[in-house]
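The stops below proceed from the whole chain to individual side chains.

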Amino acid sequence: MTTCHAGFDVAVGPSRAFLCFVGVWPNPEGSETTFETIQCIIVTLTMIIFANIAQTVKVFMVWGNLNSVIEILTTADMPIFVALMKFLVAWYNRKVLKGLVILMMEDWSRSYSSSNLDSMWRTARFSRKLSAVCIGLAQGTITAQFIMVVVFDVNNKGEAERTLYMISYFPYDTQVSPNYEITWLGQCFSNIFAAGAFSAVDAFFAVLVLHLCCQLSILRKELVMLADHHKKQGDNSEEFSRKLARIVEKHEYFNSFAKTIEDSFNTMFLSQMIASSLALCLQGYQLVMIITNTEGKLPVFQLIHMIYFTCCFSFSLFVYCYVAEELRFESTELDYAAYDSDWYNLPPKDTKLLLLLMHRSRKPLEITAGKFCAFSLRLYCSILKTSGGYLSMLLAVKDRLVVEAD
């Protein structure tokens, strides 16, 4: 295995494995196969039929019961809807994402100095760890939910009605065999597919953006050393202009790379940001209801599962904001790199060229939610604050309903 392929595989390994599992990996070495198309259809129909439609119908059937509505929305309906949306966006943009993967492979195939290559490897290893955390948290959620369902079934073996994997409504008798087994497995696999799509798309997005951040960091180092090399090697203005032009071309290439990522994902990000704010609020409500449950002893396992589930959901949003913040920082640092170079040793004509590059770099590269707002750590804090406000409103509504019922 060549060094470039090894570095590329380290970076994309976890996300590629799970994107292949759901059939949307943008394979740079071949076209989409019939098997992958069938995979996509099966994954999509499983999530829609056994989760979203069945649970949404159930929501309308229990509409008067606030606790039941929130339980259905938080445990599966809303998270699986977000996962389905991510999956369909990745499938729709598979050709564009394939082009980004090819560009990433080409970046790894170029020759670099030892320090720059070390930077790329550090980024690749960090990307792999971040991807593993994203995917591991999601799979842990599915495992915990599976254990809860199995334990609940064991504790209710004496009940006349067999429980499904999730609270849902189906227009047929789910208590008879093989309807029950097929429905139970369909719901189980809808969760497995949703967790894979949800986390793998997050991980893949993080890998692309962090790779771009590393390339911008390398470009910044080249710009800082440009004036110093000009002085030491005695380059004339024409040679300096040629080297600077190469840096500008790379910068334009990175801008195009960032724009492609933004155009591919920004609509999905807007939907997820809205859904995440609402979901975090509803999950917080569920936590409060579990803790303040006065009908019996505190359900510790259910409480731990809900805390873990809420942390996983919020971590996904944190990943977006974190990598977007890194991209914003690295893109604007190019402006300061021109200032930090030995520009005072350059002729006035060459110094003016640096001013043009500094002006180009002042506008940061950003990842936005539907062009409405840019992802950043400040936005993440704002979303948490908004979710807290929604939670306070829900608790007030709940207390009012209790008072009216009395």
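UniProt annotations, quoted here with shortened feature names and in the numbering used here, may be inferred rather than shown by experiment. The model itself is predicted.

**Whole chain.** The chain holds 10 helices and two strands, and the order from the N terminus is α-α-α-α-α-α-α-α-α-β-β-α. Its C-alpha trace extends over about 90 × 50 × 30 Å along the principal axes. Of its 406 residues, 49% count as buried. Among contacts with a separation of 6 or more, 80% join residues 24 or more positions apart.

Switch to a surface display. The accessible surface amounts to about 20200 Å², and carbon and sulfur atoms contribute 63% of it. Colouring by charge brings up 34 positive and 37 negative charges, whose mean positions are 5 Å apart.

**Annotated spans.** Next, select residues 40-63, 69-92, 130-152, 192-213, 269-291 and 303-323, which an unreviewed UniProt entry lists as "transmembrane region". Two of these spans can be examined individually. In residues 40-63, 92% is helix and 0% strand, with the end C-alpha atoms 32 Å apart. Residues 269-291 are 100% helix and 0% strand, and their end C-alpha atoms also lie 32 Å apart.

**Aromatic pairs.** Now display the rings of Phe, Tyr and Trp; with ring centres required to lie within 6.5 Å, the count comes to 23 aromatic pairs. Select F265 and F269: their ring centres are 5.7 Å apart and their planes meet at 20°, so this pair is stacked, the limit for stacking being under 30 degrees. Both residues belong to helix α7 (residues 237-291) and are four residues apart, hence separated by about one helical turn. F265 and F269 are both buried.

Move on to Y320 and F375. Here the ring centres lie 5.9 Å apart with the planes at 55°, so the pair is tilted. Which parts of the chain does this pair tie together? Y320 is in helix α8 (residues 300-340), whereas F375 is in the loop between β2 (373-374) and α10 (377-405), so the pair links parts that are 55 residues apart in sequence. Are these two side chains buried or exposed? Y320 has 1% relative accessibility and counts as buried; F375, with a relative accessible area of 4%, is buried as well.

**Last stop.** Finally, select F126, F315, F318, Y322 and Y380, which form one aromatic cluster.

Conventions:
Residues are numbered from 1 along each chain as its sequence is written. This is a predicted model: local features need pLDDT of at least 70, side-chain atom pairs count only at pLDDT 80 or more; totals for chains, interfaces and linings use all residues. Side-chain values use heavy atoms; hydrogens and water are left out. Buried means under 20% relative accessible area, exposed over 50%, partly exposed in between (1.4 Å probe, protein chains only). Contact means heavy atoms within 4.5 Å. Accessible areas come from the Shrake-Rupley method with a 1.4 Å probe; for residues, only the protein chains shown count as cover. Lys and Arg count as positive and Asp and Glu as negative; His and the chain ends are not counted. The place of a charge is taken as NZ of Lys, CZ of Arg, CG of Asp or CD of Glu. Rings of Phe, Tyr and Trp (its six-membered ring) pair if their centres lie within 6.5 Å; planes under 30 degrees apart count as stacked, over 60 as edge-to-face and the rest as tilted.
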